Amino acid sequence: MSKKERYINAVGMSPGIGVGTAYLFRQEEQTVQRRTVRDADSEIVRFYEAVQQASRDIEALYEQTKQRIGADEAAIFEAHRMMLDDPEFSSAIEGRILEESVSAEYAVQSTADQYIALFERIEDDYLKARAADVRDIAARLLRTLSGRGERISEALPERAILLAEELAPSDTVTLDRERVAGIVTERGGPTSHAAILAKSLGIPAVTGASELFANARYGDEIIVDGSAGAVILHPAPGTVATYEDRRERQHRTQRELLSLKGQPSVSLDGCSVLLCANIGSLTDLDAVLENDADGVGLFRTEFLFMERDRPPTEAEQFEVYRAAAEALDGKPLIIRTLDAGGDKALPYLDLPPEDNPFLGRRAIRLCLDHPDLFIPQLRAILRAGLAGDVRLMLPLVNVVGEVHRAKEFIEQAKSDLRREGIDFKEDLPVGIMIETPAAVLHADALAKNVDFFSIGTNDLIQYTLACDRGNADTAELYTPYHPAVLSLIRTTIASAHRAGIHVGLCGEAASDERLIPALLAMGLDSFSMNTSSILKARYIVRNSTCHRSDDLIDRMLAQPTASAIQTFLNRHVPSNRDATTSTP
Amino acid sequence: MIEKRMTLRNASGLHARPASEFVKLASTFASDIRVLRGADEWNAKSILSLLSGGLSAGDDIVLRADGDDEEQAIDALVKLLISFEEQDGSL
């Protein structure tokens with residue numbers, strides 16, 4: 001058998017790098033022979049006793065998982081217990097024993113097989129993953145019936161890379177994380193419970209590597225790259241060294257990033273900024289707090305309006321906004337009013353189709369045309385304003401007139417609420433997104449009429465460079481490094497500060513490692529990004545200086561191309577980025 | 001026996017965590033409770049049955065409860081389904 005290095009593409013389940021030797025995790029022989037019994041009644045008693053024992057065992061696993069990992073992951077075993085308690089499941093098994101006089105083992109296996117086949121037939125990743133759960137429960141019941149409990153924890157060698165056809169959740173959770181360097185399964189998708197547990201345990205894992213299973217033997221050197229979704233069989237010594245190096249750096253980065261929780265977002269020379277999160281639902285809030293964001297710079301409210309047959313009521317919206325404000329406990333929450341229409345359809349509005357939805361009647365334009373939609377949202381936000389540091393933001397504003405009209409609606413909402421005796425935040429800050437070239441060039445006038453700006457680079461880049469980010473043919477034209485784009489950002493920041501208002505940025509550029517120091521130097525007050533980038537951004541901010549020579553930005557903007565600007569930034573505006581994994 | 005018609009509106013339908021919560025709640029009532037969609041019918045206390053039904057967003061369903069606590073059961077389950085709408089879905 002050739003020992004040549006083989007790079008095998010697979011599917012990543014859990015990120016990270018593992019270097020070790022192959023350990024083939026044996027699955028038990030589970031084929032149960034059909035056996036008839038004379039006393040069906042006592043067979044049924046056997047079955048229910050096994051169910052009770054299995055239930056107790058799962059309860060123990062649940063507690064163990066809750067302590068070792070967390071409540072969310074432990075919920076997997078909660079789900080297993082529900083399946084064990086499932087009345088249809090047990091009555092089917094009981095019925096089979098009674099009707100066919102077969103053994104409990106056979107009844108369990110054949111009933112489970114039916115559900116497994118059913119779930120695997122439906123084209124749904126979630127249900128396919130549930131098939132694995134049923135397999136796990138059936139295996140557990142069979143072990144219990146034969147007097148064995150947990151699978152004996154096999155004594156693993158050090159640096160073991162587990163190779164298994166499929167890893168059941170109960171096996172994953174009992175793994176000795178000190179000895180297991182990585183996991184490779186033949187099947188079981190990234191949404192399987194095993195994948196979730198591997199991620200929580202921090203064990204790199206990969207699935208779908210059938211080429212590996214065909215070629216690997218016990219003891220073979222293997223590298224698992226969970227992030228890239230690949231395995232390397234028989235890696236050369238040089239390859240091993242490279243990957244071990246990367247793994248070390250990743251671990252170091254992780255430790256450093258975790259230590260940044262609770263640290264202030266302040267530059268080396270004392271500039272304090274807000275590093276905030278972009279969110280699209282209440283469920284995102286856990287991650288916001290987990291990553292110690294300074295606030296929420298963009299709460300997209302479209303999820304409340306889309307994919308339903310009627311708009312959300314004021315009460316429904318108020319509940320959501322209030323819950324978000326309370327969860328943030330005093331940290332700022334910027335709620336963006338409905339940014340829909342155009343390509344984001346609202347079925348209940350019956351809008352005429354547009355040839356050019358990005359340049360169409362959407363966002364603020366839509367809201368100003370539909371006060372029946374706009375005012376309930378404004379009222380809900382005003383009322384929620386009492387629950388925390390809430391601010392309102394209008395999308396796609398192009399001209400001062402739009403701000404005036406929006407404010408008229410806001411005043412109307414306020415006077416209605418006052419008249420109805422409903423409490424709300426009187427001086428709720430109102431800001432706008434700066435997303436078009438017109439808004440930038442008109443920024444001085446706009447700044448006099450609002451409390452803050454938020455630069456929406458995702459759309460600003462498209463409108464400025466006249467390219468569609470989603471169009472494969474123009475995608476490479478889309479870049480935040482274009483001198484015109486950076487120039488517009490600089491202009492916006494300057495206009496805001498001249499008027500004495502706060503300016504933030506809430507596009508992907510906010511988390512761009514090369515741009516953060518430059519944006520800092522331009523005077524940006526806050527950066528709003530996806531939650532997973534916040535700690536990295538804080539690292540960069542804390543290792544950058546905000547006060548730069550006056551002409552540094554001028555020289556940057558004088559570069560002729562986007563890539564020249566990138567090179568310029570690498571050379572003249574570095575931050576200590578070595579420890580962080582770089583993004584393109 | 002009481003029946004209540006509803007449309008599932010939350011993004012993940014009766015999948016995942018919503019299904020577990022639904023079954024847990026249904027199991028606390030003595031009444032026999034069924035979920036119907038078209039000609040199909042599932043035991044609301046059976047997680048495996050509900051999952052195999054693949055109930056998703058947009059499905060028109062009927063909740064049927066039969067027993068001494070049928071009113072409380074329907075009330076509670078309807079409230080739960082509505083609460084899913086508010087928590088679920090993101091863009």
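**Buried residues and ring pairs**

Modeller: At 12% relative accessibility, A:Asp459 counts as buried, where buried means under 20% relative accessible area, exposed over 50% and partly exposed in between, with a 1.4 Å probe and protein chains only. This is a predicted model, in which local features need pLDDT of at least 70, side-chain atom pairs count only at pLDDT 80 or more, and totals for chains, interfaces and linings use all residues. Residues are numbered from 1 along each chain as its sequence is written, chains are lettered from A and ligands numbered from 1 in the order in which they are written, and side-chain values use heavy atoms, with hydrogens and water left out.

Biologist: Leaving aside its neighbours within four places in sequence, which residues is A:Asp459 in contact with?

Modeller: A:Asp459 is found in helix 17 (residues 457–465) of chain A; helices (H or I, at least four residues) and strands (E, at least two) are DSSP runs, numbered from the N terminus. Contact means heavy atoms within 4.5 Å. With neighbours within four places in sequence set aside, the contacts of A:Asp459 are A:Arg362 and A:Glu435.

Biologist: How many aromatic pairs does the structure hold over all chains?

Modeller: Rings of Phe, Tyr and Trp (its six-membered ring) pair if their centres lie within 6.5 Å; planes under 30 degrees apart count as stacked, over 60 as edge-to-face and the rest as tilted. Over all chains, the number of aromatic pairs is seven.

Biologist: Is the pair of A:Tyr115 and A:Phe119 stacked, edge-to-face or tilted?

Modeller: These two residues, A:Tyr115 and A:Phe119, are four residues apart in helix 4 (residues 104–121) of chain A, so about one helical turn separates them. A:Tyr115 is buried at 13% relative accessibility, and A:Phe119 is buried at 0%. Their ring centres are 6.4 Å apart and the planes are at 50 degrees, so the pair is tilted.

Biologist: What is the pair of A:Phe299 and A:Tyr321 called, given its planes?

Modeller: The ring centres of A:Phe299 and A:Tyr321 lie 6.4 Å apart with the planes at 85 degrees, so the pair is edge-to-face. A:Phe299 lies in strand 10 (residues 295–300) of chain A and A:Tyr321 in helix 11 (residues 314–328) of chain A, so the pair ties together parts 22 residues apart in sequence. The name for the pair is edge-to-face.

Biologist: How many of the 14 residues of helix 13 of chain A are buried?

Modeller: The buried residues of helix 13 of chain A include A:Leu373, A:Phe374 and A:Arg383. Among the parts that cover them are helix 11 and helix 14 (400–420) of chain A. Helix 13 of chain A is mostly covered, and the number of buried residues is eleven.
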